[in-house]
Amino acid sequence: IHQLQLAELREARRLLRQQLGGAEALKLELMNAGFVDNAGFLTTEEKPFNVFARAAGGLLKQPDMESEQEALGTFKEKFLICRNRPENDLQWDSKDVRWSGKASM
């Protein structure tokens with residue numbers, strides 16, 4: 001991560017902790033938005049759509065990922081390998097702001 005990004009992340013963390021109510025306030029905000037359920041887990045519904053939560057919940061299968069998952073060995077029951085869309089992967093090093101938050105990192 002670039003130094004400027006680190007500084008921004010530190011400032012966001014400071015603001016969250018000191019001025020915005022901390023982790024509990026963030027959790028409540030995510031619950032109100034539908035991203036987290038009452039038990040504190042990520043939701044796997046269609047809206048809001050979270051591709052990675054749905055994959056981890058077994059509701060979405062990514063094609064051709066079986067061998068990658070098997071490579072985890074004994075950890076395959078605890079962790080899930082996910083991939084980005086192929087068109088996003090092609091833009092992994094793009095400086096174009098349209099790809100920010102979409103392209104592979």
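These are my notebook entries on what I looked up in this structure, which is a predicted model.

**Entry 1. Overall fold**

I began with the secondary structure. The protein chain has five helices and zero strands. Read from the N terminus, the elements run α-α-α-α-α.

Next I looked up the dimensions. The C-alpha trace spans about 45 × 40 × 30 Å along its principal axes. I then checked burial. Of the 105 residues in the protein chain, 12% are buried.

**Entry 2. Helix α1**

I turned to helix α1, which covers residues 3-18. Here I found Arg-14 and Glu-11 joined by a salt bridge between their side chains, at 2.8 Å from N to O. The two residues are three apart in helix α1, which means a separation of about one helical turn. Arg-14 is partly exposed at 29% relative accessibility. Glu-11 is also listed as partly exposed, at 35%.

Gln-18 belongs to this helix as well. Is Gln-18 buried or exposed? I noted 58% relative accessibility, over the 50% cut-off, so Gln-18 counts as exposed.

**Entry 3. A nonpolar surface patch**

I looked for nonpolar side chains on the surface. Leu-26, Leu-30 and Phe-35 form a patch there, with about 230 Å² of accessible area together. I placed Leu-30 in helix α2, residues 22-32. Its relative accessible area is 33%, so Leu-30 is partly exposed.

How many salt bridges does the whole structure hold? My search of it finds five. The Arg-14 and Glu-11 pair is one of them. I followed two others, both with a partner in helix α4.

The side chains of Glu-68 and Arg-83 meet at 3.6 Å, N to O. Glu-68 lies in helix α4 and Arg-83 in the loop between α4 and α5, so this pair ties together parts that are 15 residues apart in sequence. Glu-68 is partly exposed, with a relative accessible area of 28%. For Arg-83 I noted 33%, again partly exposed.

Glu-70 sits in helix α4 too, which runs over residues 66-70. Its side chain forms a salt bridge with that of Lys-76, at 2.9 Å from N to O. I also have this pair listed as a side-chain polar contact, at 2.9 Å. Glu-70 is partly exposed, with a relative accessible area of 49%. That value lies under the 50% cut-off, so Glu-70 does not count as exposed. Lys-76 is partly exposed at 29%.

**Entry 4. Aromatic rings**

I searched for ring pairs and found one aromatic pair in the structure. The rings belong to Phe-75 and Phe-79, with centres 6.4 Å apart and planes at 55°.

**Entry 5. Distances across the chain**

Last, I looked up two C-alpha separations. Gln-18 and Glu-77 are 59 residues apart along the chain, and their C-alpha atoms are separated by 38 Å. Glu-70 and Ala-12 are 58 residues apart in sequence, with 37 Å from C-alpha to C-alpha.

Terms used: Residues are numbered from 1 along each chain as its sequence is written. This is a predicted model: local features need pLDDT of at least 70, side-chain atom pairs count only at pLDDT 80 or more; totals for chains, interfaces and linings use all residues. Side-chain values use heavy atoms; hydrogens and water are left out. Patches are made of residues with over 30% relative accessible area and no salt bridge: like charges are joined within 9 Å, nonpolar side chains (Val, Leu, Ile, Met, Phe, Trp, Tyr) within 5 Å. Accessible areas come from the Shrake-Rupley method with a 1.4 Å probe; for residues, only the protein chains shown count as cover. A salt bridge is a side-chain nitrogen of Lys or Arg within 4 Å of a carboxyl oxygen of Asp or Glu. Helices (H or I, at least four residues) and strands (E, at least two) are DSSP runs, numbered from the N terminus. Buried means under 20% relative accessible area, exposed over 50%, partly exposed in between (1.4 Å probe, protein chains only). Rings of Phe, Tyr and Trp (its six-membered ring) pair if their centres lie within 6.5 Å; planes under 30 degrees apart count as stacked, over 60 as edge-to-face and the rest as tilted. A polar contact is a pair of N or O atoms within 3.5 Å; within protein, one must be able to donate a hydrogen and the other to accept it, and residues adjacent in sequence count only if both atoms are side-chain atoms.
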